[in-house]
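Subject: Structure handover

Hello,

Here is the structure you asked to look at. My notes follow below it.

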Amino acid sequence: MKRVKLIVAYDGTNYCGWQFQPNGVSVQEVLEHHLSELLQEPIRIAGASRTDAGVHALGNVAIFDTSARMPAEKISYALNTRLPADIRIQDSCQVPDTFHPRFAKTAKTYEYRILNRRFPDPTKRLYSYFYYYPLDVEKMWAGASYLVGEHDFKSFCTAKPDVESTVRTIYSMDVEKVGDEIVLRVRGNGFLYNMIRIIAGTLIRVGSGYYQPEQVKEILEAKDRSRAGETARPEGLTLVEIEYDPKELEMGEGGEQ
């Protein structure tokens, strides 16, 4: 038996999210189906980030255990020949049996894209949130600066009963205008449910002049979800990368831990 790590990229448009849901097809469901057929045994996978319906990923991470003899590094090639075109494995490798993508220390990077122009661009409708009114990028950047560091982000999450703490650390947060798109790029040690989308919705209010940049600090300190902006639409959000300590991924001699 060996543990295999996958780096998974997908267009989330046609899926109900990463995790199994009763109301639609999930990315996890598709991966498990094709892996089970490929390796000729029941496969169950565990993902690092349970992205929502419509959210995309360039580098989500998942693991599964298998007794198949196929080398771990070859699984990505074989699996990609079976998967639908909107899901692709970027890498596969063997990792120690103790490695779990959700419980290991990570740095996650997300991007939220806002298409800010007079009319929608149909070629970008699935990968950005269209916003008609002009946005002040400098004000958005100033507001975002209050969120960097370790804080209680209770104002910026949808409550979930199984979450023990709403304290998280944002290592960096950039707001950049690229053509007619405004890109929010956030890197942190983990994110709460809907946290990035609520931050995006709040910064849109800052950019439109509804909030002043310094109000972001007040919203953060209030620890009250009702004080923040709306939850921005899912299609603008992409999980870009998940980084792990290389030591957690190292295999011993002969593939042993």
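Thr106 is in strand β5, residues 106–116. (Helices, H or I of at least four residues, and strands, E of at least two, are DSSP runs numbered from the N terminus.) Thr106 counts as buried because its relative accessible area is 14%; buried means under 20% relative accessible area, exposed over 50%, and partly exposed in between, with a 1.4 Å probe and protein chains only. Apart from neighbours within four places in sequence, Thr106 is in contact with Pro101, Tyr171, Gly188, Asn189, Ile242, Glu243 and Tyr244, where contact means heavy atoms within 4.5 Å. Gly59 is 47 residues from Thr106 in sequence, and their C-alpha atoms are 13 Å apart.

Please keep in mind that this is a predicted model, in which local features need pLDDT of at least 70, side-chain atom pairs count only at pLDDT 80 or more, and totals for chains, interfaces and linings use all residues. Residues are numbered from 1 along each chain as its sequence is written, and side-chain values use heavy atoms, with hydrogens and water left out.

Helix α1

Helix α1 covers residues 27–39, and its 13 residues should span 18 Å at 1.5 Å a residue; the expected span is 1.5 Å times one less than the number of residues. The end C-alpha atoms of α1 are 18 Å apart, which agrees. Ten of the 13 residues of α1 are buried, among them Val27, Val30, Leu31, His34 and Leu38. The buried residues of α1 pack against β1 (2–10), β2 (45–47), β3 (56–66), α2 (72–80) and β4 (87–95).

How do α1 and α2 cross, and at what angle? Their axes come within 10 Å and cross at roughly 110 degrees. The axes are lines fitted to C-alpha atoms, for helices over the stretch in contact, and angles run from 0 to 180 degrees between N-to-C directions. The two helices, α1 and α2, are therefore roughly perpendicular (65 to 115 degrees; under 35 is roughly parallel, over 145 roughly antiparallel, and the rest oblique). On the α1 side the contact is made by Leu31, His34, Leu35 and Leu38, and on the α2 side by Ile75, Ala78 and Leu79. These residues divide into six nonpolar, one polar and no charged. (Ala, Val, Leu, Ile, Met, Phe, Trp, Tyr, Cys and Pro count as nonpolar, Asp, Glu, Lys and Arg as charged, and the others, Gly among them, as polar.)

His34 counts as buried, at 15% relative accessibility. Not counting residues up to four places away in sequence, His34 touches Leu79, Arg82, Leu83 and Pro84. Gln40 lies in the loop between α1 and β2 and is exposed, at 67% relative accessibility. Its phi is near 60 degrees, a positive value in a residue other than glycine.

Twelve of the 13 residues of α4 are buried. Asn194, in the loop between β9 (181–188) and α4, is buried at 14% relative accessibility, and its phi is positive, near 70 degrees. After α4 comes Gly209, with a positive phi near 90 degrees.

The largest nonpolar core has 72 residues, and Leu31, Phe156 and Leu184 have the most contacts inside it. The largest share of this core, eight residues, comes from α4. A nonpolar core is a set of buried Ala, Val, Leu, Ile, Met, Phe, Trp, Tyr and Cys residues joined through side-chain atoms within 4.5 Å.

Regards
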